[in-house]
Amino acid sequence: MSGLVYSGKAFRDLMNSNYYPLANMKKSVAKLKASDDIDLPTLEYGQYHLILNPPSKWPQGSAKYWHKEKGRARVDLSTQPNTVPLSRDEPGVIPLTRCDLLDACVRKCFNSEPPIPMKTKIIAHAASDTFAHRHEIRLEWEYKKGSDKPTLLNLTMVCPHRS
């Protein structure tokens, strides 16, 4: 289930409608702040998806598998050391693992004032990729010219190749 539905346009559009543009991200932050099921200062990747989108809206019943797939990604990323700083405006913040970096980036987006919009996508490794057997994240901040303050996070989750 993981790769096909989550990498599809319907899933990507549903998720990104919560985080982009800025007006949508602001609505999502307000919804999360109003929820008793989450704490924004301690937010982790994957906790907010089912709050922002009820399972009935997810394509092909994919919400049913979300916790399992998200958990697999988190476990995998937790085993990968990180040496990349959080962002240009926080060069001294270097989370210990790739999972920690992912969580820190997501927290930065939802907790900044104003919040920082995100564009997300999920893809799968090709069979020939060096680390085709594991999850990977690609996190790319965009900045205004001449500024170190991020204006957008491009977040790509790369899932393991499954034959």
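Helices (H or I, at least four residues) and strands (E, at least two) are DSSP runs, numbered from the N terminus. By that rule the chain has six helices and three strands, and from the N terminus on its elements run α-α-α-α-α-α-β-β-β.

The model is predicted: local features need pLDDT of at least 70, side-chain atom pairs count only at pLDDT 80 or more, and totals for chains, interfaces and linings use all residues. Residues are numbered from 1 along each chain as its sequence is written, and side-chain values use heavy atoms, with hydrogens and water left out.

**Overall form**

The radius of gyration is taken over C-alpha atoms, and the globule rule is 2.2 Å times the number of residues to the power 0.38. For 163 residues a compact globule would have a radius near 15 Å, and the chain agrees because its own radius of gyration is 15 Å. Along the principal axes, the C-alpha atoms fill a box of roughly 45 × 35 × 30 Å.

Buried residues (under 20% relative accessible area; exposed is over 50%, partly exposed in between, with a 1.4 Å probe and protein chains only) make up 47% of the 163 residues. The chain exposes about 8,700 Å², of which carbon and sulfur atoms supply 54%; accessible areas come from the Shrake-Rupley method with a 1.4 Å probe, and for residues only the protein chains shown count as cover. A contact means heavy atoms within 4.5 Å. Among contacts between residues at least 6 apart in sequence, 61% join residues at least 24 apart.

**Single residues**

| Residue | Relative accessible area | Class |
|---|---|---|
| Pro85 | 33% | partly exposed |
| Gln60 | 66% | exposed |
| Thr120 | 16% | buried |

Pro85 is in the loop between helix H5 (63-78) and helix H6 (98-111). Not counting residues up to four places away in sequence, Pro85 touches Glu90, Pro91, Val93, Ile94 and Leu101. The C-alpha atoms of Pro85 and His125 are separated by 24 Å, and these two residues are 40 apart along the chain.

Thr120 lies in strand S1. With neighbours within four places in sequence left aside, Thr120 is in contact with Arg12, Met15, Asn16, Tyr19 and Leu155.

**Backbone features**

Most residues other than glycine have a negative phi, and most peptide bonds are trans. Gln60, not a glycine, has a positive phi of about 55°, and is found in the loop between helix H4 (49-52) and H5. A cis peptide bond joins Tyr20 and Pro21, with omega about -5°; Pro21 is in the loop between helix H2 (9-19) and helix H3 (22-34). The peptide bond from Glu113 to Pro114 is also cis, with omega near -5°, and Pro114 is in the loop between H6 and strand S1 (118-124).

**The largest pocket**

On a 1 Å grid over the protein atoms alone, a pocket is an open set of points where a 1.4 Å probe fits, with protein on both sides within 12 Å along at least five of seven lines; lining residues have an atom within 4 Å of a point. Grid points are joined across faces, edges and corners, and a volume is the space filled by probe spheres set on the points. The largest pocket has a volume of about 160 Å³. Pro114 is one of its lining residues, which also include Leu22, Ile116, Lys144 and Thr151. By class, this lining has six nonpolar, two polar and two charged residues. Here Ala, Val, Leu, Ile, Met, Phe, Trp, Tyr, Cys and Pro count as nonpolar, Asp, Glu, Lys and Arg as charged, and the others, Gly among them, as polar.
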